[in-house]
Amino acid sequence: MGVADLALAGGLALACLLLIGALLRLRSADRRHRAVLDSLPQTTVAAFNHEFRVVFAAGATVDFAGRTPAEIEGKFLLGHIPQAQREPLMLHYRAALRGEQRSFEYHSTQSGRDYWVRIVPLADHKGSITGGLSVALDISDRRQMQRDPGSRAAEVEAVTDATRALARSVDPAAARTAVCEGACEVAGAPVAALFEPQPGRPGLLPQACVGADLEGLELPLSGESGATLAFTRAEEIFVTLGSGEADADREFLTRAGARAVLWHPVVRDRAAIGVLAIAWREEVAGVSLRLSAMIDLLGAEAAVAIGRADLLGQLEHLARTDSLTGLPNRRHWEQQLPRELSRASRNEQKVCVAMLDLDHFKDYNDRRGHQAGDRLLAAGAIAWRGALRPYDILARYGGEEFSVILPGCDLADALTLVERLRSFTPEGESCSAGIAQWDGEEQSDALVGRADAALYRAKRAGRDQSILANDGIPT
């Protein structure tokens, strides 16, 4: 088998495995999804358990022994392999399940056909191997493997590319854009958009879009529009311009410059979490069963990818946010400070850093309790954030100590801002501050060290004051 043939075989095998994986996640084998797998060219796909019983089979060709997928489903693999070839073939299967050789070529003496086989192990939540997914690609007539841009193989390849992009997307925005790009590729459509509900809003808002400008468009969650029905019923709706469409559908089609749209629900845990809109600018009579199933499988992958990206985004937010005050934590602040210094250097601007510490905080805790101390920290964060400019960066540095980055400020400007900030300290309490201006060369930790030293001079000088690192004179 040539390198090009092997590459194509590998691509088709991967596509088959991705489609089966999506199908198993959907936990349904209805006629639309099976129709996709049955239309795969020169291919038999199967899932089997650890006892080598076939629990699912589909494809457009026959198996090694000349049987159809319907005839092998529910049967043991050993039962339909010729006796003379049973042992060597099963050695391949067992090696694949051990994570060893997963791809091999096989000539069936019973059917007289040549196959390229790919096997991927399946494991349970404990990591124990429970079976495998198998793709057998008939390579007897290699000329049939040449890809045609309009062929079913090309459609499968489009789904493969889309699912690969989704698998790589760990950023929520990138994952949503990958969904739209994949939908355009699979459907051959110029426009795709992902609409989702947002807290405090009455409708569906576009969270990603390819091929059109939909900024500001909000689709209602009530009424009889295609988007509304797709979301509330979790079923796809096809709408064409001039066919009695609802106002929301007409507005979308007008904004997209399109004549037809497929509203396809993105479903997670049996409930719609969004609606994928796929629009065509030419006359389209309807959506084929095969395309509908392709989009369904892409939607299943999209739901998984979006959920994963959102979770990673939440974890990243938690990793850089102080849970008590909601401010950036020290880790995030220390990542942000070098960026601000680099920006100041590029723009030839000044920048100052201030360190603040609540005065007598331990005594406050001892008198009123730690819960009251937590409330004071949270209230101080809110008050101080409101006293700063939108682009200043306030963080909880640790304990009762806070840090501030003040872009575009020299020492005099920074002192004015910090004194204003200190005046907002809640509950009649006070705080001390140390301020340092970047000299244009020092490292961020050296700059923070000078501001911190100025803070401790302010503490020793009687607290409730700000001291400039450069001259050490209290104000």
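What follows is a conversation about a predicted model.

Colleague: Which strands form the open sheet, and in what order?
Modeller: Five strands form the open sheet, in the order β13-β14-β12-β15-β16, with mixed pairing. Its edge strands, β13 (393–398) and β16 (466–468), each pair on one side only. Strands here are DSSP runs of E with at least two residues, helices are runs of H or I with at least four, and both are numbered from the N terminus. Two strands pair if DSSP finds at least two bridges between them.

Colleague: How are neighbouring strands of this sheet turned against each other?
Modeller: On average by 20 degrees, direction ignored. Axes are lines fitted to C-alpha atoms, for helices over the stretch in contact, and angles run from 0 to 180 degrees between N-to-C directions.

Colleague: In which sense do β13 and β14 pair?
Modeller: β13 and β14 (residues 401–407) pair in the antiparallel sense, over five bridges. Gly398 stands opposite Glu401 in β14.

Colleague: Which strands does helix α13 touch?
Modeller: Helix α13 (residues 411–423) packs on the sheet and touches β12, β14, β15 (431–437) and β16; its direction makes about 160 degrees with that of β15. Helix α14 (residues 444–460) also packs on the sheet, touching β12, β13, β14, β15 and β16, and its direction makes about 145 degrees with that of β15. Contact here means heavy atoms within 4.5 Å.

Colleague: At what angle do α10 and α14 pack?
Modeller: Helix α10 (residues 330–346) and α14 pack at about 105 degrees, with their axes 10 Å apart. That makes α10 roughly perpendicular to α14, a term for angles of 65 to 115 degrees. Trp333, Leu337, Pro338 and Leu341 in α10 meet Ser444, Leu447 and Val448 in α14.

Colleague: Turning to Asp359, where is its place?
Modeller: Asp359 lies in the loop between β12 (351–358) and α11 (361–368).

Colleague: Is Asp359 buried or exposed?
Modeller: Asp359 is buried, with a relative accessible area of 3%. Buried means under 20% relative accessible area, exposed over 50%, and partly exposed in between, using a 1.4 Å probe and protein chains only.

Colleague: What does the side chain of Asp359 make a polar contact with?
Modeller: With the side chain of Ser430, at 2.7 Å. The side chain of Asp359 also reaches the backbone nitrogen of Cys431 at 3.4 Å. A polar contact is a pair of N or O atoms within 3.5 Å; within protein, one must be able to donate a hydrogen and the other to accept it, and residues adjacent in sequence count only if both atoms are side-chain atoms.

Colleague: And how many aromatic pairs are there?
Modeller: The count comes to eight aromatic pairs. Rings of Phe, Tyr and Trp (its six-membered ring) pair if their centres lie within 6.5 Å; planes under 30 degrees apart count as stacked, over 60 as edge-to-face and the rest as tilted. Phe252 and Trp263 form a tilted pair, 4.9 Å centre to centre with 55 degrees between the planes.

Colleague: Which parts of the chain does that pair link?
Modeller: Phe252 is in helix α8 (residues 247–256) and Trp263 in strand β10 (residues 260–268), eleven residues apart. Both Phe252 and Trp263 are buried.

Terms used:
Residues are numbered from 1 along each chain as its sequence is written. This is a predicted model: local features need pLDDT of at least 70, side-chain atom pairs count only at pLDDT 80 or more; totals for chains, interfaces and linings use all residues. Side-chain values use heavy atoms; hydrogens and water are left out. Angles under 35 degrees count as roughly parallel, over 145 as roughly antiparallel, 65 to 115 as roughly perpendicular and the rest as oblique.
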